[in-house]
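Here is a short briefing for a first look. Keep the sequence and the 3D view side by side as you read.

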Amino acid sequence: MPYHQSRRSQPPSISQTTLLLLSLFSPTSSQKTNSKRGLASLGSTHTSDNSLLGSPSSPLFWYYNWSPYPLNAPSQTAITALEFVPLIHGIYGAEDSQTSTAINSLPSTSKHLLSFNEPDGTTDSGGSSIEPEDAARAYIEHIVPYRTSNRKWLISHPSVTGSPRGLEWLRQFNESCWEIDEENGCPTDFIAAHWYGAYDGLTGWLSQLDEYYKNGTASEQDLKIWITELALPQQSEQETVNMMNVTLPYLDELDYVERYAWFGDFRRKDADEWAGDNVAMFDDDGGLTALGALYLGGEANGFEEGQEGKGEGAASSVKVNTGMMASVFAGAVVMVNWL
Ligand SMILES: *[C@@H]1O[C@H](CO)[C@@H](O)[C@H](O)[C@H]1NC(C)=O
Ligand SMILES: *[C@@H]1O[C@H](CO)[C@@H](O)[C@H](O)[C@H]1NC(C)=O
Ligand SMILES: *[C@@H]1O[C@H](CO)[C@@H](O)[C@H](O)[C@H]1NC(C)=O
């Protein structure tokens, strides 16, 4: 039986109840205290959308944008108030001295560092396409030192695609790690996972990953998983809402899941083409979709479908799609540090 079914039927623990009471009795305490929820930002410049996502009553408390450079446009101020999690996308970025300069100048609220994005995936779908041996070498040379630096960054292993190919890549990566460094392998502080698909598949993928790491890691290290990309692609609006509606409480209660982020922050018309319009949290005019309202915690937090945030809905008319992400990642000169 899947791990989640037995867990979900359990009553909330005392500490969860206590936290709930605390949040009920102190209206000024934010919704963020007991939250795992964050934002995978493709850099939306809609001030009004960002003001909702980053508002005090929103449960989102962290964000990342697949790069070591935080957002910085005036339209993004509400998001930049959240905890930023830098990501080193691939080997070029790892080798670039500007990357470490950027990461080390982040505010002290940033403590976690994500490493290579979908190394088992191709660059045209936003992956970094790295052979496990090459990734192991670069990880040991460039990522592990952040862990032992003054700031003692908490680092993640590369985040693979949610697939058998991903798990196989991790096994080969681990083998190479121990070949290169017989004493330490590739140490990690947490695991980053991706999932595009239905709820049942998600529960299966997470328990497989958790088992893989529990099998192979010293028992005193209790590794937690972050799902940094999560969506149900290409399904109807209702099915997408239903999937999110069972997924959020499941992830909130699952002990070995520490954080998660829905993909992504776009409006329906700007949605990633591969994921489809129904993963969007905003409609074309900047009103919350049912899905967006649900992700922000719904009525309990004061969010409802159709609600628009304050500030300009300044539209970027650029259609975001995986092809465009790929061309960004593949090396427009200004963005070369992302790689
Ligand atoms: C974990 O170990 C068990 C027992 O050796 C094995 O059957 C299982 O396949 C392993 N799981 C993973 C995901 O590697
Ligand atoms: C990685 O490989 C080492 C050395 O073979 C092994 O002891 C360990 O269990 C593996 N770790 C994982 C997570 O599979
Ligand atoms: C989510 O599920 C709950 C419990 O099953 C239900 O009451 C609620 O209406 C659902 N919310 C949405 C937005 O579908």
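E118 sits in the loop between β4 (112-117) and α7; helices (H or I, at least four residues) and strands (E, at least two) are DSSP runs, numbered from the N terminus. This is a predicted model, where local features need pLDDT of at least 70, side-chain atom pairs count only at pLDDT 80 or more, and totals for chains, interfaces and linings use all residues. Residues are numbered from 1 along each chain as its sequence is written, while chains are lettered from A and ligands numbered from 1 in the order in which they are written.

**Backbone features**
- Most residues other than glycine have a negative phi, and most peptide bonds are trans.
- E118 has a positive phi, near 40 degrees.
- E118 counts as buried because it has 24 C-beta neighbours inside 10 Å (buried means 20 or more other C-beta atoms within 10 Å of its own, exposed 12 or fewer, partly exposed in between, with C-beta atoms placed from the backbone).
- S129 also lies in the loop between β4 and α7, and its phi is positive at about 45 degrees.
- S129 has 16 C-beta neighbours inside 10 Å, so it counts as partly exposed.
- The peptide bond from F263 to G264 is cis, with omega near 5 degrees. G264 belongs to the loop between β8 and α11.

**Core**
- The largest nonpolar core has 73 residues (a set of buried Ala, Val, Leu, Ile, Met, Phe, Trp, Tyr and Cys residues joined through C-beta atoms within 7 Å).
- L39, Y64, A193, I227 and L230 touch the most other members.
- Helix α7 (residues 132-148) gives the most to this core, six residues.

**Helix α10**
- The 17 residues of α10 should span 24 Å at 1.5 Å a residue, and its end C-alpha atoms are 25 Å apart, which agrees (the expected span is 1.5 Å times one less than the number of residues).
- Its buried residues are T240, M243, M244, T247 and L251.

**Ligand 3**
- V241, N245, A290 and L294 surround ligand 3 (a residue is near a molecule if its C-beta atom, placed from the backbone, lies within 6 Å of it).
- α10 (237-253) and α11 (290-295) each supply at least two residues of this shell.

**Confidence**
- Mean pLDDT is 86, and 83% of residues reach 70 or more (pLDDT is the predictor's confidence in each residue, from 0 to 100).
- Over residues 314-339 the pLDDT is below 50.
- pLDDT also stays under 50 over residues 1-29.
- Where pLDDT is low, the predicted coordinates should not be read in detail.

Notes: Contact = placed C-beta atoms within 7 Å.
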